[in-house]
Amino acid sequence: MEGVKHIVAVASGKGGVGKSTVTANLALAMAAEGYRVGLLDADIYGPSQAQMLGIGEGVRPKMAGENRFSPLSAYGIQAMSMAFMVDINEPMVWRGPMVSGAFQQLLNQTVWDDVDYLFIDMPPGTGDIQLTLAQKVPVSGAVIVTTPQDIALLDARKGIEMFRKVNVPVLGVVENMSLHICSNCGHSEPIFGQGGGERIAEQYGTQLLGQLPLQLSIREQADGGKPTVVADPEGGITETFRSIARAVAEGVEGQANESPSISFSD
């Protein structure tokens, strides 16, 4: 894609696992590592990145030529979302083909400015937008977000299998809400179970990129438009996100440097 070196899809098989929060913080962490970063909110029905990035309602992108527009800027990253195009309170009552078309317009008609990594916050499931992305866009890799419990893992497996079927490498798994630490007494408890992310990563021959806690501040900071990586740049959770970002960069570079296997026969 013009203006973009690498595209990384962040996906989950189901909603409610914190995928959008992880995507926003991961994009900001990659920028903190010194890369030029873009973030595309591909959840047409329920875009949330505008609020998470602190971009006010009614802010619109500027036109950059005929049928093209410039991404908005937030905390040093470039961002594009359906929330920038419509009234955020209006439901998108669209069928699949219209959603896929809107996604392609957001992706291809945005003038990305020399982006090293474009993170795409995928909608839940394995439907139209996922297939459109895989068929129309050169995706460098995918990151799967899950929580440790078995129900979430069932859907995460479907997400991994979908990317494998369309030959998109899965860079790894992020286990969100892996542990809750009581803010009063310090007692830790794996509310959603233990080891789920590690098990699914091992099952599919990929890596566990990192584990994130179930913590009130992460939710409050995202809701307030200042994600954790920006709100607490020296904190332990930010360091976890930056470690995940480094692992993603290594995975993408590793995929790019792989040589094709060539065999000869009579």
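Select strand β1 (residues 4-11) and β6: the two pair in the parallel sense over four bridges. Two strands pair if DSSP finds at least two bridges between them. Helices (H or I, at least four residues) and strands (E, at least two) are DSSP runs, numbered from the N terminus. Find Val8, which stands opposite Gly141 in β6.

This is a predicted model, where local features need pLDDT of at least 70, side-chain atom pairs count only at pLDDT 80 or more, and totals for chains, interfaces and linings use all residues. Residues are numbered from 1 along each chain as its sequence is written, and side-chain values use heavy atoms, with hydrogens and water left out.

Stay on β6, residues 141-146. Six of its six residues are buried (under 20% relative accessible area; exposed is over 50%, partly exposed in between; 1.4 Å probe, protein chains only). Gly141, Val143 and Val145 cover one side, and Ala142, Ile144 and Thr146 the other.

Next, select strand β7 (residues 170-175). Five bridges join β7 to β6, and the two run parallel.

Now the charged pairs. The structure holds nine salt bridges (a side-chain nitrogen of Lys or Arg within 4 Å of a carboxyl oxygen of Asp or Glu). Select Arg246 and Glu33: their closest N and O atoms are 3.0 Å apart. Arg246 sits in helix α9 (residues 236-257), Glu33 in the loop between α1 (19-32) and β2 (37-41), 213 residues apart. Arg246 is partly exposed at 32%; so is Glu33, at 25%.

Finish at Arg219 and Asp223, whose side chains meet in a salt bridge (3.1 Å, N to O). Both lie in helix α7 (residues 216-223), about one turn apart.
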